[in-house]
Amino acid sequence: MAKKSWFLPAILGIVAIALPPFLGGYFQHILILVMMWIAMATGWNLLGGYCGQASLGSAAFFGLGAYGAGLLHLHWGISPWWGVIAGPVLAIIVCIPIGLVTFRLRGGYFVLSMLAVCETIRIVFLNWVEMSAGPLGIIIERTWGMEKLPYYYMVLAIAALSLYVVYRLMKSKFGYYFVSIREDQDAAEGLGIPSTKYKMYALIPCAGIIGLAGAFYMNYMAFIEPNVVFPLIISATMILTVMLGGPGTFWGPALGATIFVLLSELLRAFAGPVIGTIHYLLFALILVLVIMFLPNGIVGEWAKIRRLFRGKKPVYVGGE
Amino acid sequence: MALFGQTIICGFLMGGVYAVIAIGMTLILGVMKIINIGHGHLMMVGMYVCFALFASLGLHPYIAMFVAMPCLFGIGYLLQRYSIQRVRFVDTILPQTQVLLTLAIGLVFVEIIRVIFKSDFRSVYTPFSSKCLYIGDMSISLPQLVSFGIAMAFVAGLHILLTRTDFGRSIRATAQDLDAAKYMGVDALRVSSLTFGLGMALAAAGGALLLPIFYLFPDIGTPFTIKALIITILGGAGSTVGALSGGLVFGMAESLGAVYWAPGYKDVVGFVIFLLVLLFMPGGLKTVIKR
Amino acid sequence: MAYLDIKHVVRKFGGLVAVNDITVGLEQGEIFGLIGPNGSGKTTLFNTINNYYPANSGEIIFKGIPITRMSTHKICRLGIGRTFQVVKPLRRMTVLENVMAGAFLRTNSATKARDKALEIVDFCELMPRKDMPAKDLPIADKKRMEIARSLAGDPELILLDETAAGLNLKEIEAAMVIVKKIRDSGITCFVVEHVMKFLMGISDRVMCINFGVEIARGTPKEMSRHPEVIKAYLGEEYVKGK
């Protein structure tokens, strides 16, 4: 829990607020995606990176958030903007029983069990047509038409909110308990930490933040269907952005999310026309390499990276 | 009544093939203590190898299987030796880094296949793909029966490998106690890499056996990874006998769910079983049988 | 009724009975030592008190409250702290943060937890190392940090599991001083050891077990002469000498 220098993030924050009105629609769209993934990665990191429970099924919360918004429109004609409340609430209500059952599992079992949960939810939404409109999905009319700027400021606020929530939590008792559970769950129990309860305390904001991003997605993209919001690739991307940036660090997820979106767009722009989906492949490859050589992500391995560039050999003095 | 019998038999036969895939996962889990999230995805690669051989040379999957298996074995060996091994004993902030690496690797393969073959649904149609055997009022799919037979042959062969050969004994030793095995002269790295390759080869075999029955597309792997996990937990981690019995039970339950509940929800049946096992039998079927 | 009452506790692992009908009562404010050769069941007994492994049968009562199958964190809340035979540091947290994790048991405020942790770190003479990541500590300091971590939760009884194992003579003496300080501050100590010097030097009463069964009980002096104890540790031949 090192001291953070606020200078760089403050500058970036000002740029993030002031720059977009001067950019074209395409770039605004990219920034919207960046902000959305920053929120999702930061949310996932709370449960996965800080608390050590890496869930491979977080797309469930994204999709529930999206459908929370979409179903309001589909069944009751309510504006999907109310989804920013309904979406996270739905995600949280569903995550509670899920957590209570899956937190009995540890390690790799937990990772995969969350995938099983997400797949099940996807199948339910695909088949229960009366509830969700099935594979046809839900289409809405966009409130601001082709204008991207209002959406951008909305998602910027969501990203800022998620960063703030995680910041406050990690400075408090919750943060210490989350990390204790990650480092050694048995030792934590011996210190009086009810581990299942605190894993839930990490899961709930995580699900809420990711659900909020989902509700935003519904309103922005104006179309969702189960295979768009619930698939493995969404869950995997959440994990992979965090692993790229640095799990268990504050800015790591945001960094990973930014690199992911920018890199994907870059690859899509240059290699896309030649080989359709090659940007996903290249991203996955980069991921494999990052995990192999920088297993703690860019922020986590920052010291190592700096040494590499300075060409110094590491010097070990006692406990350093 | 005939429907019930048919459903059970169909499930039993499918279960046998699921078991082969699950045994691959449970072997890897036992020896390396890693859950291979990419298991289903690499199975998918094996299936595409068979498909490619079918599309270009007209080779039947049951024959192409013997090309796919060594391919996947080699891929698995190299992956473990040069990629996964690097992070296995590294102390990382996130405890499940190794497991997530298997995920990333699986995704690489999915995307490679997607680039080569696109996302279109493919199928392999063989002369006896739709032939059925009739017992009384029940019809039993011939491809399923043959697949089952081949699957059981593999299981038997594996059993012999594990119990009668030195390699098999090294595998079991490493799974039970890594340090003790090392002290006994077992080359743990070699055993892990060969086991990973073996696990992949079994997944490829299972996939090839399923090829005449399913439509093939790049994302087909995910449900199978989950099924393999459920069967592994059902049978008890690291137990090949457990994986076999778990696979058969799972197959039958899934089949019953598909017929009597709703076909679309077939995969959900597996999840329900998973939940129940989690809640009531954390040690898997093994604990029930012992009692 | 004793402060900590252990009645006929049995713990099995499959066919192996690790703790076989142990009964002992601790008095408030004493240092009670538990000795026995390796594998005699000492740590397993601790694990049943804490419910890391639930006892198969028997009762454990603390301050009149039955804790036999209560969950571990609730037992800690009631006032029983624990250190581990194989240290379990919260590796990526600093020493101070480790102790704060223990301090949060009694407060929700990060400031109060920090103050309490600083106090305890000072008590355990770990101040120079307080900002060091736990994984970089030498073994003696890791053990001391574990004690500090437990103390931060204001326990009334602390289970010390093999505190002296792996320490050199000087470190053992320092550890003895700390344990006495802990008892003097009003905390009852249940100490498991097989380093004689440590245990005999600080305990008020001692019990010796072997193969999960009690073989002797008494003051340290009585125990060092007890034939069964000598037999368990050194073998039959040495008994005749004393």
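The model is predicted, so local features need pLDDT of at least 70 and side-chain atom pairs count only at pLDDT 80 or more, while totals for chains, interfaces and linings use all residues. Residues are numbered from 1 along each chain as its sequence is written, and chains are lettered from A, with ligands numbered from 1, in the order in which they are written.

Chain A comes with 16 helices and two strands (DSSP runs numbered from the N terminus: H or I of at least four residues for helices, E of at least two for strands). Its C-alpha trace spans about 65 × 50 × 35 Å along the principal axes. Of its 320 residues, 53% are buried, meaning that 20 or more other C-beta atoms, placed from the backbone, lie within 10 Å of a residue's own.

Chain C has nine helices and ten strands. Its C-alpha atoms fill a box of roughly 60 × 40 × 35 Å, taken along the principal axes. Here 46% of the 242 residues are buried.

In chain B, helix 5 (residues 142-164) packs against helix 6 (residues 166-176) at an angle of about 80 degrees, with the axes 5 Å apart. Axes are lines fitted to C-alpha atoms over the stretch in contact, and angles run from 0 to 180 degrees between N-to-C directions. Contact means C-beta atoms, placed from the backbone, within 7 Å. On the helix 5 side the contact is made by B:Leu161, B:Leu162, B:Thr163 and B:Arg164, and on the helix 6 side by B:Phe167, B:Gly168, B:Ile171 and B:Arg172.

Methods: Contact = placed C-beta atoms within 7 Å. Buried ≥ 20, exposed ≤ 12 C-beta atoms within 10 Å, placed from the backbone.
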